Amino acid sequence: MSIYYFAISNNESIVCHHAIANRSFENVVYDYLKRHPSDQVMRFNQGNVYFICVTVSEISFVAAADQSACKQSEDLVSEVSQHFLSDSIRLKTAKGGAKGCLQNSYGPVLEQFMLRGKSSKKNSSLDQLHSNVSGVINLMKENAKVALERGDKLDTLVSKTDDLAVHANQFQVTATKVSRKTCLENFRLKIIIIVVVAVLLLVIVVVILWQTGLLSPKPQH
């Protein structure tokens, strides 16, 4: 993604321009000046090259860039035009100047603007990369946090399970003791019932024998 060419012109001539990688688009600029000299803003494509043309105070600023650098080229046109038009003497010279009249004085400045835009693009890519890396790191931290929370919850669950097992063992011991105590009490109750029944039977037998006279004292003759 890069800007190939930038030109500054009046209605007739290119007063200053700069090309990267020996890609010049002077013919396209002159064709634009002939067909649309009064257009304030114009955008068009020629092949795989995007053009942005802005005319302010009879001075045209034209940038040619890769299709993926549209926003970058428009920002550059805005920045260069503001800087160029801020000098009234330079503006007056450009309006009535011949081809290349500002090449020596403003050409290096234009080159610096284009290089700065290229550097800004690289920094933007680095910032994007840094942002992506930061996003991955934050995601890893979040995952680690969730894992730790799950680990804590698992430890809590294990602890509660151990406590439940201890309580279950205690309940089993207590239940066994209660069961034994209940069995012993039932056994005692059965013994008492048997003794009572035996005593009652004995009393009944004694009464019957007494009434039949078997236990009555015999009279003496």
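**Notes on the fold**

1. Six bridges connect strand E1 (residues 3-9) with strand E5 (residues 59-66), and the two run antiparallel. Within this pair, Tyr-5 sits opposite Ala-64 of E5. Strands pair here if DSSP finds at least two bridges between them; helices (H or I, at least four residues) and strands (E, at least two) are DSSP runs, numbered from the N terminus.

2. A word on the basis: this is a predicted model, where local features need pLDDT of at least 70 and side-chain atom pairs pLDDT 80 or more, while totals for chains, interfaces and linings use all residues. Numbering starts from 1 along each chain as its sequence is written, and side-chain values use heavy atoms, without hydrogens or water.

3. The open sheet has five strands in the order E2-E1-E5-E4-E3, with antiparallel pairing. Its edge strands, E2 (14-19) and E3 (41-46), each pair on one side only.

4. Two helices lie across strands, judged by contact (heavy atoms within 4.5 Å). H1 (residues 26-35) lies across E1, E2, E3, E4 (49-56) and E5, at about 45° to E1. H2 (residues 70-85) lies across E1, E3, E4 and E5, at about 155° to E5. Axes are lines fitted to C-alpha atoms, for helices over the stretch in contact, and angles run from 0 to 180 degrees between N-to-C directions.

5. Overall, the chain has four helices and five strands, in the sequence pattern β-β-α-β-β-β-α-α-α. Of its 221 residues, 24% are buried (under 20% relative accessible area, 1.4 Å probe, protein chains only).

Terms used:
Buried means under 20% relative accessible area, exposed over 50%, partly exposed in between (1.4 Å probe, protein chains only).
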